Amino acid sequence: MLFTFFLAKIQIIQHGIARVAVGDQPENIYEQISGISFITNMIMEHIKPEESIILNVLAANVDFATCDSICMSRRVDTTGQRTLAVVTKSDQSPDGLLEKVTLNDVNIGLGYICVRNRIKDETYQEARLQESKLFETHPLLSKIDKSMIELNKLPRILTSIPDAMAEFMQIVGSLKETFQKILIRGALEYDDKEMHCNARFGEINGEVLEEANGIRLPFFLSNSAFLYLLKKKVNNVSELPINFLNKVFGCLENVCGRVLMDHCGNHSQLLPSIKKASLNVMLRMKEKLVERVTEMIEMEKFTDYTCDPDFINFWNKLMGKGRDDFLNAITECLSTFRVEGYGSIGIEHLLFVPITKRDQAFDLKMRMAAYWKIVLLRMVDWIALELRFVIVKMVNKELEMEIVSEVMVRGGGMERMLDEPTSVALKRERLQKSISLLQESKQIIQQVMDRI
């Protein structure tokens, strides 16, 4: 009886819900089959019993949610706890396959097995070898989890305080290592561009410098106006460093949230405390950095100093070629002329002033242009250096201390880790049942094969 059942099931899979004619099958095979309710009833009869495993064979290039076999299996196994899927033609349609099997919108409880079909005259051994190579080297398919069952991904059951402490310290150590890779060493741990922090911070830095270079200010004639001119110049960029820090710490919060979910997602009893600790650390570090940046901006407003030799070099260059351009613009009665690294400068008001005043105004503007270039680079360099120092300090020391304090002192301690969340416990029970069912099915099939 068992042997007959097994063969009947194979026949149903081969002919029960065929859509495309194969070999000598009639062209209207789908219409013929779908019109016979007997076939549908036979399939439902075999997949309805709770003790049976439902195997769905799906092509990688189809919408899983609309497949007839999926629709039928969900009618009798709504949670998917006894449904297994084999995905064929993975090599032909790799795009989006990872998302399909990861999101699992159709509830395949026993997991997916993705395969590569044999090509032309390949032997079985050759096909398996090529399949193994494909799933190891393909940029998309290699990311598909090789494990069919999720049980090993669940946190182990903790029965004592020492066990909980060891697990907690492992989590903290793992978080610290990941943050060091991403935020300090610049390792590409994630494919997501937003997780490439060094590159992202560089982009934000460039945006700030570009915005600052685009600012235009009115012209001043008196040499004594240099500090006043400088103050107005700095005032116009004073919000840019703060905006920069807001963007960077917003990026850090996103990165932190992603890493925490990856490392602590299965420990829902700890996740709120660890999130709170992480946000507290970042907020505290941000406030200190904003305070220091604000002080730096004030310093640039009221003092003018540099020992950078590029200031003199650039100033001399502007006083040479820049003066020729300036005089040509005056001669041609132009309203503006451009200064390298500074932009357009209005000169219409200088067309009819005495030459001495005009020369004083030009000298002042060139000194301001040369000095402003130093100020911008100094501000950007200083903020970047401070930010890097804060991140290193946060990852190597502050974050770990805050997490331990939040969990151990304010968050209820290790006892919370001994209470497994209901959702995890139910998932563990479901997966264990599924594994037992698969093992039993394997034994039955092996017995059948031994009788053939």
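**Close-ups: a helix pair and a cavity**

**View 1. Helix 7 crosses helix 10 in a right-handed way.** Helices are DSSP runs (H or I, at least four residues), numbered from the N terminus. This is a predicted model, where local features need pLDDT of at least 70, side-chain atom pairs count only at pLDDT 80 or more, and totals for chains, interfaces and linings use all residues. Residues are numbered from 1 along each chain as its sequence is written, and side-chain values use heavy atoms, with hydrogens and water left out.

**View 2. Here is where helix 7 touches helix 10.** On the helix 7 side, the contact (heavy atoms within 4.5 Å) includes Ile171, Phe179 and Leu183. Helix 10 brings in Leu252, Val255, Cys256 and His263, among others. Sorted by class, this contact has 11 nonpolar, three polar and no charged residues. Nonpolar covers Ala, Val, Leu, Ile, Met, Phe, Trp, Tyr, Cys and Pro; charged covers Asp, Glu, Lys and Arg; the others, Gly among them, are polar.

**View 3. Now for the lining of the second largest cavity.** The lining's tally is eight nonpolar, one polar and no charged residues.

How values were computed:
On a 1 Å grid over the protein atoms alone, a cavity is a set of points where a 1.4 Å probe fits but cannot get out, and a pocket is an open set with protein on both sides within 12 Å along at least five of seven lines; lining residues have an atom within 4 Å of a point. A crossing is left-handed if the near helix is turned anticlockwise from the far one by less than a right angle, and right-handed if clockwise. Helices (H or I, at least four residues) and strands (E, at least two) are DSSP runs, numbered from the N terminus.
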